[in-house]
Amino acid sequence: MDLDYRKYDMTKFSAFTEQDEKLITEVYDQLAIDYDISVIDIEDSPYEQFSSHDMYPLFIPQICYWVKDRNSNSSFYLFIVSKVGITSRGGRLGRKFDTIQLWGLKKLEEDFGYISINKKRLMDKIAGIFSSFYINFKDHDFKDFYVLGSDQFKAMNFLTPKRKETIKAFPNENFKLEVRNTILSFGIPDILTMESAKIISKFLDEI
């Protein structure tokens, strides 16, 4: 990454440790090999449109990338985010307990309402939260996934054969996929690594 990148907004890098900054730089450089990538203001991304005042309250976007496939019209947004720890009393933990993660957004060509897709082993963790959005989605080829949504037919339209194969091929079963109208959110709730940056980017490019 060009060192001039740091001039973009020094306050962004001040939120990270030196080790974090080195990893962020390496991730940017690696992704730049395969994609056109540029730093943009978070306000110029779909983040505000997708989120609300109570959406992901523990995830704080720090840096936003606009990423474009050089061989197609596919583009998406990546966010370096800080995940803040919480004490048993609900207070904010110190900086040493924070972690950085990578999450992505992609604009879709249609309004699919609300959809959430997880591996079935996560069902017990999410069913209580989104039970009011449960849809009777039965697909033998997609039986290992739990689909929640506001409209069964929109969910079926979203899950084209290509999308189902892309989801099934994703190598980390802890992924979180959510659609809100025309915006898809995707990420892994794990600490950022070079490998996770690559597979998340590949998924968003193909989905």
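Residues are numbered from 1 along each chain as its sequence is written, and side-chain values use heavy atoms, with hydrogens and water left out. Because the model is predicted, local features need pLDDT of at least 70 and side-chain atom pairs count only at pLDDT 80 or more, while totals for chains, interfaces and linings use all residues.

Me: What makes up the chain in terms of helices and strands?
Reply: The chain has seven helices and eight strands. Both are DSSP runs numbered from the N terminus, helices being H or I with at least four residues and strands E with at least two.

Me: Why is D151 called partly exposed?
Reply: Its relative accessible area is 29%. Buried means under 20%, exposed over 50%, and partly exposed in between (1.4 Å probe, protein chains only), so D151 is partly exposed. D151 lies in the loop between strand 6 (145-149) and helix 5 (152-158).

Me: What makes the approach of the D151 side chain to the backbone nitrogen of F153 a polar contact?
Reply: A polar atom of that side chain lies 2.9 Å from the backbone nitrogen of F153. The definition asks for a pair of N or O atoms within 3.5 Å, where within protein one must be able to donate a hydrogen and the other to accept it, and residues adjacent in sequence count only if both atoms are side-chain atoms. The backbone nitrogen of K154 also has a polar atom of the D151 side chain at 3.0 Å.

Me: Why is helix 2 called oblique to helix 7?
Reply: The axes of helix 2 (residues 18-34) and helix 7 (residues 194-206) come within 10 Å and cross at roughly 40°. Angles under 35 degrees count as roughly parallel, over 145 as roughly antiparallel, 65 to 115 as roughly perpendicular and the rest as oblique; therefore helix 2 is oblique to helix 7. The contact (heavy atoms within 4.5 Å) is made by L23, E26, V27, Q30 and L31 of helix 2 and M194, A197, K198 and S201 of helix 7.

Me: How much of the chain counts as buried?
Reply: Of its 207 residues, 47% count as buried.

Methods. Axes are lines fitted to C-alpha atoms, for helices over the stretch in contact, and angles run from 0 to 180 degrees between N-to-C directions.
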